[in-house]
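Please examine the sequence and the structure shown below.

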Amino acid sequence: MLDWVLLDGSVTRGHFLREAADQLAEVRPGQLPRGGVRVVEARAEDAARRADLRAAFDLVVVRSFGPPAVTAECGAPFLEVGGRMVVAEPPDQEPRWPADGLAQLGLAPGRRVTEPSAFQVLEQVAPCPDRYPRRVGIPAKRPLF
């Protein structure tokens, strides 16, 4: 059985996600058990400091909500060592995930897929240092790379 945690900084979107998960559980009983989906309404910078979420996942799927440095800094703390982050990428985009920048977060660039959809896989090869993510807004104001 898979457990899903959906994270969104908006209470309104979080409410929608919770309702959608509940409806899906009713329509497809046994395939998505109630309690199999948890919605967390918080900014990634704050949620990544929670003991129940930090280094707790082997897979994080992210729509690229900001520049690569922001996305990596906000996503890496959720991954356990050996985990992977899959980031949706703009089509026809040049690689934009520098290995030296990712290494600060314990990440390494993995496979890049461009067809039929574009995404980048990042691998958590070392624990993300406790100092990351920085306070809300700081990753965007002062990107690591």
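Leu102 has a relative accessibility of 0% and therefore counts as buried, a label given to residues under 20% relative accessible area, whereas exposed means over 50% and partly exposed lies in between (1.4 Å probe, protein chains only). The model is a predicted one, in which local features need pLDDT of at least 70 and side-chain atom pairs count only at pLDDT 80 or more, while totals for chains, interfaces and linings use all residues. Residues are numbered from 1 along each chain as its sequence is written, and side-chain values use heavy atoms, with hydrogens and water left out.

Leu102 belongs to helix 4, which spans residues 99–103. Helices (H or I, at least four residues) and strands (E, at least two) are DSSP runs numbered from the N terminus. Apart from residues up to four places away in sequence, Leu102 touches Ala72, Trp97, Leu107, Ala108, Pro109, Leu122 and Phe145, where contact means heavy atoms within 4.5 Å. Leu102 and Ala69 are separated by 33 residues in sequence, yet their C-alpha atoms are 7.9 Å apart in space.

Strand 4 and strand 6 (residues 119–124) run antiparallel and are joined by 5 bridges. Ala88 stands opposite Phe119 of strand 6.

Which residues touch the most other members of the largest nonpolar core? They are Val60, Phe78, Met85, Leu105, Leu107 and Leu122, in a core of 24 residues. A nonpolar core is here a set of buried Ala, Val, Leu, Ile, Met, Phe, Trp, Tyr and Cys residues joined through side-chain atoms within 4.5 Å. Helix 2 (44–47), strand 3 (57–63), helix 3 (68–75) and strand 4 (79–88) each contribute at least two residues to this core. Val60 is in contact with Gly75, Phe78, Leu79, Arg84, Met85 and Val86, its neighbours within four places in sequence being left aside.

Charged residues form a further part of the picture. Side chains of opposite charge can pair when their charged atoms come close. A salt bridge is defined as a side-chain nitrogen of Lys or Arg within 4 Å of a carboxyl oxygen of Asp or Glu, and by this rule the count comes to 10 salt bridges. Is Glu89, a partner in one of these pairs, buried or exposed? Glu89 counts as buried because its relative accessibility is 7%. The side chains of Glu89 and Arg112 meet in a salt bridge at 3.3 Å, N to O. Glu89 lies in the loop between strand 4 and helix 4 and Arg112 in strand 5, so the pair ties together parts that are 23 residues apart in sequence. Arg112, at 24% relative accessibility, counts as partly exposed. Salt bridges that share partners also join Arg38, Arg50 and Asp52 into one network.

Arg43 forms a salt bridge with Glu45, the closest N and O atoms being 3.1 Å apart. Arg43 counts as partly exposed at 41% relative accessibility, while Glu45 counts as buried at 6%.

The side chain of Arg134 makes a polar contact with the side chain of Glu73 at 2.8 Å. A polar contact is a pair of N or O atoms within 3.5 Å; within protein, one must be able to donate a hydrogen and the other to accept it, and residues adjacent in sequence count only if both atoms are side-chain atoms. A polar atom of the Arg134 side chain also lies 2.7 Å from the backbone oxygen of Arg142.

Technical notes: Two strands pair if DSSP finds at least two bridges between them.
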